[in-house]
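This report covers helix packing and ligand contacts. The model comes first.

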Amino acid sequence: MSYGSKATGRLAGKTILITGASAGIGEATAIEYASAAKGELKLILTARRLEKLDSLKSKLEAEFPNIKVLTVKLDVSDLSAIEKFFKELPKEFSDVDVLINNAGLAKGFANVGEISQNDLDCMFNTNVIGNIAMVQHLLPLFKKKNSGDIVQLGSVASRESYPGGAIYCATKQALRAFTSALRKESINTKIRIIEIQPGSVDTEFSDVRFYGDKVASKKLNEGIEQLSADDIAEMIVFFTSRKQNTVVAESLILPTCQASRSHTYRHSK
Ligand SMILES: NC(=O)c1ccc[n+]([C@@H]2O[C@H](COP(=O)([O-])OP(=O)(O)OC[C@H]3O[C@@H](n4cnc5c(N)ncnc54)[C@H](OP(=O)(O)O)[C@@H]3O)[C@@H](O)[C@H]2O)c1
């Protein structure tokens, strides 16, 4: 995809840090950045599954000879691991320009009163506490150089709650509140705070939500023409390759069959 005549130049030489780059939107975003910048950039790819990151790194290096890719195993729900990650970031990769704060998940569809404490902790620690910790660690650097983009992966659930989604929605709405305050705090800087709120995207997200039950996951999305991870990746790259005076602050990105979380058109077979 072409992002305009100046986008490749604007992305060239940047260091992009992506959390949750081992699958779905994070993985697609890494590939899209590499392609948009014609490999002239540095990528820091993190997630818990290092082997997936390493295979993505090999693929990118084979296609783009000038690209520099660092893979790091990082569980964002572990605050001491985040601290260690930033402390040990090699100098060549330490001048981060863009954070794609993407790692996130939902666990189950239980109603309130029946939600497992483990699932609740997992969602809050990953989607909220870990996300915020990533920002807290990077913001001093961004302030020092008076630039930097923070892309927050919100959701249609940032705007609308639904039965069986109390905790996931609460995490994404907490993230939206945090992100909105952060944007207001950053108006005297050139730091851009960007929140993307996807509707239904075809990734591993539903499989994870159903604890690996792919049959149940497939059934949930039956008849829905979901977005692909690439669709969201294109938006992320487009938003972060605008002129620095332009912030696409918040955007709800839905497949055409969806008008909100609870208004989805399903094709019958
Ligand atoms: N798919 C959708 O319909 C949809 C809609 C709206 C918003 N979103 C949001 O988009 C983001 C990406 O989701 P996706 O759809 O791409 O799902 P996905 O395919 O399941 O990918 C999620 C990514 O997050 C990583 N991750 C999960 N927990 C982690 C942790 N504790 N530490 C580090 N990495 C972790 C996973 O890697 P490892 O397992 O290797 O750690 C994986 O790379 C999430 O924030 C999600 O809430 C998704």
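## H2 against H3

H2 and helix H3 (residues 50-63) pack at about 15°, and their axes are 11 Å apart. Axes are lines fitted to C-alpha atoms, for helices over the stretch in contact, with angles from 0 to 180 degrees between N-to-C directions. Helices are DSSP runs (H or I, at least four residues), numbered from the N terminus.

The crossing of H2 with H3 is right-handed, meaning that the near helix is turned clockwise from the far one by less than a right angle. From H2, Glu 27, Ala 30, Ile 31 and Ala 34 meet Leu 56, Lys 59 and Leu 60 of H3. Contact here means heavy atoms within 4.5 Å. The contact of H2 with H3 has five nonpolar, no polar and two charged residues. Ala, Val, Leu, Ile, Met, Phe, Trp, Tyr, Cys and Pro count as nonpolar, Asp, Glu, Lys and Arg as charged, and the others, Gly among them, as polar.

## Basis of the model

The model is predicted: local features need pLDDT of at least 70 and side-chain atom pairs 80 or more, while totals for chains, interfaces and linings use all residues. Residues are numbered from 1 along each chain as its sequence is written, and side-chain values use heavy atoms, without hydrogens and water.

## H2 against H9

Helix H2 (residues 24-36) also packs on helix H9 (residues 229-240): the axes come within 8 Å and cross at roughly 50°. H2 and H9 are therefore oblique to each other. Their crossing is right-handed. The contact includes Gly 24, Ile 25 and Ala 28 of H2, and Ala 229, Ile 232 and Ala 233 of H9. By class, the contact of H2 with H9 has nine nonpolar, three polar and three charged residues.

## H4 against H5

Helix H4 (residues 79-87) and helix H5 (residues 117-145) pack at about 25°, axes 10 Å apart. H4 is therefore roughly parallel to H5. The crossing of H4 and H5 is right-handed.

## Ligand site

The ligand is surrounded by 29 residues (a heavy atom within 4 Å). The closest are Ser 22, Ile 25, Arg 48, Tyr 168 and Thr 203.

Polar contacts are pairs of N or O atoms within 3.5 Å. A polar side-chain atom of Ser 22 lies 2.7 Å from a ligand oxygen. For Asp 75, a polar side-chain atom lies 2.9 Å from a ligand nitrogen. Asn 102 places a backbone N or O atom 2.8 Å from a ligand oxygen.

Terms used. Helix = DSSP H or I, 4+ residues; strand = E, 2+ residues; numbered from the N terminus. Parallel < 35°, antiparallel > 145°, perpendicular 65-115°, else oblique. Polar contact = N/O pair within 3.5 Å; in protein donor to acceptor, adjacent residues only side chain to side chain.
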